[in-house]
Amino acid sequence: MAFTLDDLDRIISERASADAKESYTRALLDAGSVRCAKKLGEEGVEAALATASGTKVELAAEAADVLYHLLVALKARDVPLSDVMELLQRRTGQSGHAEKASRINH
Ligand SMILES: N=c1c2ncn([C@@H]3O[C@H](COP(=O)(O)OP(=O)(O)OP(=O)(O)O)[C@@H](O)[C@H]3O)c2ncn1[C@@H]1O[C@H](COP(=O)(O)O)[C@@H](O)[C@H]1O
């Protein structure tokens, strides 16, 4: 079966209770949400650079880093992945242009 974001999220939740010496995830969470935010920002920039001028392999690797660090950031702020997926699901009925207009008008 294909590996999913839910699978990665589950691993991150499990590793959150590991020892920080053994788990990069636990070490990041111990360092706090500002450190998680910094890593997410760095990986986002690296993914953007790879999108503009990297190879497809480089972009795939940077995208993997972004997804991992995004899930850790959500964990650091106690935002369940299911809340994010629910928002995305609600948006499926409309185009991106209509979704943007609805945010601007609120
Ligand atoms: N998917 C990932 C994953 N993707 C990226 N990374 C780490 O994210 C970091 C990327 O940051 P950089 O490239 O800037 O590397 P760095 O300079 O060493 O990082 P820092 O010292 O700045 O934190 C690297 O250390 C990567 O190893 C990940 N670390 C963990 N996972 C998953 O999380 C699971 C649990 O990991 P642990 O918590 O370490 O057991 C693993 O089994 C994986 O499934």
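How many C-beta neighbours inside 10 Å does Glu 42 have, and does Glu 42 count as buried, partly exposed or exposed?

**Figure 1. Overview of the protein chain.** The structure is a predicted model, in which local features need pLDDT of at least 70 and side-chain atom pairs count only at pLDDT 80 or more, while totals for chains, interfaces and linings use all residues. Residues are numbered from 1 along each chain as its sequence is written. The protein chain holds six helices and zero strands, where helices (H or I, at least four residues) and strands (E, at least two) are DSSP runs numbered from the N terminus. Its C-alpha atoms fill a box of roughly 45 × 35 × 35 Å along the principal axes. Of the 106 residues, 15% are buried; a residue is buried if 20 or more other C-beta atoms lie within 10 Å of its own, exposed if 12 or fewer, and partly exposed in between, with C-beta atoms placed from the backbone.

**Figure 2. The surroundings of the ligand.** The shell comprises Ile 11, Ile 12, Arg 15, Ser 23, Tyr 24, Thr 25, Arg 26, Lys 39, Ala 64, Asp 65 and Tyr 68, each with its C-beta atom, placed from the backbone, within 6 Å of the ligand. Five members of the shell are nonpolar, two polar and four charged; Ala, Val, Leu, Ile, Met, Phe, Trp, Tyr, Cys and Pro count as nonpolar, Asp, Glu, Lys and Arg as charged, and the others, Gly among them, as polar.

**Figure 3. The largest nonpolar core.** Ten residues form this core: Ile 12, Leu 28, Leu 29, Cys 36, Leu 40, Tyr 68, Leu 71, Val 72, Ala 73 and Ala 76. Two or more of its residues are given by each of H2, H3 and H4, and H4 has the largest share, with five residues. A nonpolar core is a set of buried Ala, Val, Leu, Ile, Met, Phe, Trp, Tyr and Cys residues joined through C-beta atoms within 7 Å.

Figure 4. Cys 36, Leu 40, Ala 47 and Ala 50 are the buried residues of H3. These residues lie on the same side of H3 because they cover an arc of only 85 degrees around the axis, the arc being that of the directions from the helix axis to the C-beta atoms. They pack against H2 and H4, whereas the face turned away from the buried side carries the exposed residues Val 34, Gly 41, Val 45, Ala 52 and Ser 53. Glu 42 is also found in H3 (residues 33-53). Glu 42 counts as partly exposed because it has 13 C-beta neighbours inside 10 Å.

**Figure 5. Asp 9 in helix H1.** Asp 9 lies in helix H1 and is partly exposed, with 19 other C-beta atoms within 10 Å. Not counting residues up to four places away in sequence, Asp 9 touches Leu 71 and Leu 81; two residues are in contact if their C-beta atoms, placed from the backbone, lie within 7 Å.

**Figure 6. Asp 78 in a loop.** Asp 78 is found between H4 and helix H5 (81-91). Although Asp 78 is not a glycine, it has a positive phi of about 60 degrees. Asp 78 counts as exposed because it has 7 C-beta neighbours inside 10 Å.
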